[in-house]
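The following paragraphs go through the two chains in turn and then turn to the place where they meet. Please keep the structure open while reading.

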Amino acid sequence: MNTKFTVNFAWKNIVANKRRSFLTMLGMIIGVGSVISIMAIGAGAQSYVFSQLEVFGGNMVGVTPGASEEDGPPASVFGVVITTLTYDDAEGIKKIEHVTAVTPYANGNMKVSYRDKAKNVDFSGVTSDFMEVENSKIAEGRFLVEDEDGTVERNAVLGSEIAKDLFEDENPLGKKIKIGQESFTVVGVLTKKGSSLISSQDQQIYVPVRTAQKILLGIDYISLLRAKIDDEKNINQAMGEMESLLRNSHNLKAGMGNDFAVRSMSQALDIIGTVTGAISIFLGAIAAISLLVGGVGIMNIMLVSVTERTREVGLRKALGAKRKDIVAQFLVEAVMITFVGGVIGIVGGTIFSYVVAAAATAYGYRWDLIVSLNSVLLAVGVSTAIGLLFGIYPAYKAAGLNAIESLRYE
Amino acid sequence: MSSLIKVENVTKSFENGGLVTQIVKGVSFEIQEGEFVAIMGSSGSGKSTLMNILGLLDKPTSGKYFFDGLDTGELDDDKLAEFRSERIGFIFQSYNLLERTTVLDNVLLPATYLDNGDMKEAARKAKVLLEKVGLAHRLDYSPNKLSGGEQQRVAIVRALINDPKLILADEPTGNLDSKSGREIMEILQDLNEEGATIVMVTHEQQTAECARRALRIKDGLIFEDVAIENRRLAANGDYNK
């Protein structure tokens, strides 16, 4: 049996009825397009997550209150408020070897106003070490200084977006804003940093931690703390020592679990990476279902095609086609439809992923377009397999037709 | 020298929901290479069934059919298909050309089913044959652009492409008018002159009289097997439906 002839004939059949062929392929196109898009967007999300490492530096360690698995998210993600972490803990950690900077965070959200402008803003009570811990830079004025640590000064540093929102073109330095009912003096504005998973600095206001705790929030605990380690290789050791120190200061006896969690930046990003990965797989599985549906559609159309071409099958058999020749003919057609549909789906999916990447980048997220060779090969492989799988039944049905009866078929 | 076709007491019965009907009730005859035989009979006489058996499309219920020296009863489906492509050429009443396919590709179809087909050689042969039947200028046409007579001519070339031992024609002029019918019979007679063995099923008197021998079949039995005296020669215009 001649392959070139078969392929040629199959292609002619597909082209002969473009609309029907397209509708048949549609399930395939959508399915493959979805899988490609989901994998590309998932990969883009992951690459974005890992890019955060560069923004903050890999040597950051965070301590969150409340027990939680190290390979899972902190308790606060679930809305639990735990009050066991304190400013003293932060000061204690600062003394640990290899720790170069530590800042506590006392977080809250309040109405902030300047003259006639008001909005609800996230704020954090921190110390002067914040700049080093988060690798931030000041655009105007200054950040909080060491002398202010531990005091209840009403000084505020604004994130770049907040400064714009409240002051527009006016110079914020020296002006007074109100946080809640309290009056604060703006002493500095941070540079634009871009959105990130760890913090949205541009939209926040920073005040001394004690001010936040005592004056604004009326609490004596902190939301979390972050520390900078001098070198990557010392991270584990430092984390160990932090744990010991905290266990001690929290009076945890042997056998009692931690009432806090220590995570390095890379651990935190690992978690996020795992979660985005899991979501991608889940969505991918759903997309795969649409591939199955597409396959069923193809099988359906192939069956109709077999019936329509009964006479043709009879003729071919009379002219010497063996069963396997007939099977091959229809199988080639099915695979061709799924393959072409797959290719169109890959192109469509890539275009869609590009649009998503472009949109994300426009919003300030560093998002790469990642369509991996793996995902393309996977898509091609799966579409071909579907063609084979769902084309087999119609092909066998055709091969089983009786030549004489088929030749009489109207 | 053994006959090309040897049919020995062949019967064919069909079963339909428990009811068994015998269509061919016991026929025997031989056909030598180079003969031109017309099998005649009315509808239901069993001629089509007999034709299918001769063409290896169907197997006898009992009896033997020797084709080209081989007992065809011993061949499996794949082997039968092989025989059909290599040794038998079919011509059908309704031409049965593939629609979205050029004349050339239609003609080459049997060659694609040969196990060791040389497509280049087949294409060369095809062009020569199409030239012979006057269709060299229609190589790229699809069947829907051809007249009935032209289509049947393409079908004849298709039947010849693998140099078959036997040409089986099922009502070759059935769908054609007088003029086209004459053209077709002229071609078949020419082929027979050159040595081709042709077995033709027909119910048209004029067509049958173009052959050299007539087998008349009625109610599943052959009741007459005679040479045709004074046969018609289509080339002489001696053919009018």
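Chain by chain, then the interface

Chain A comes to twelve helices and ten strands in its secondary structure. The model is a predicted one, and the values below are computed from it.

The overall dimensions of chain A come next. The C-alpha trace of chain A spans about 100 × 55 × 30 Å along its principal axes. Its radius of gyration is 32 Å, whereas a compact globule of 410 residues would have one near 22 Å. Of these 410 residues, 40% count as buried. Among contacts in chain A between residues at least 6 apart in sequence, 81% join residues at least 24 apart.

Chain B can be read in the same order. Seven helices and ten strands make up its secondary structure. Along the principal axes, the C-alpha trace of chain B spans about 50 × 40 × 40 Å. How does the radius of gyration of chain B stand against that of a compact globule? With 241 residues, such a globule would have a radius of gyration near 18 Å, and because chain B has 18 Å, the two values agree. Buried residues make up 46% of the 241 residues of chain B. For contacts in chain B with a separation of 6 or more, residues 24 or more positions apart account for 69%.

Part of chain B can be followed strand by strand. Strands of a sheet pair through backbone hydrogen bonds, in either a parallel or an antiparallel manner. In chain B, four strands form an open sheet in the order S2-S1-S4-S5, with antiparallel pairing. Its edge strands are S2 (19-31) and S5 (70-71) of chain B, each of which pairs on one side only. Strand S1 (residues 5-16) and strand S4 (residues 62-67) of chain B run antiparallel and are joined by five bridges.

Finally, the interface. Here 19 residues of chain A are in contact with 19 residues of chain B. Which helices of chain A each supply at least two residues of the side that touches chain B? They are H1 (3-16), H9 (310-318), H10 (323-362) and H12 (403-408) of chain A. The largest share of that side, five residues, comes from H9(A). By residue class, the side of chain A that touches chain B divides into nine nonpolar, three polar and seven charged residues.

Conventions:
Residues numbered from 1 in each chain as written. Chains lettered and ligands numbered in written order. Predicted model: local features only at pLDDT ≥ 70, side-chain atom pairs only at ≥ 80, totals over all residues. Contact = placed C-beta atoms within 7 Å. Nonpolar A, V, L, I, M, F, W, Y, C, P; charged D, E, K, R; others polar. Rg over C-alpha atoms; globule rule 2.2 N^0.38 Å. Buried ≥ 20, exposed ≤ 12 C-beta atoms within 10 Å, placed from the backbone. Pairing = 2+ DSSP bridges.
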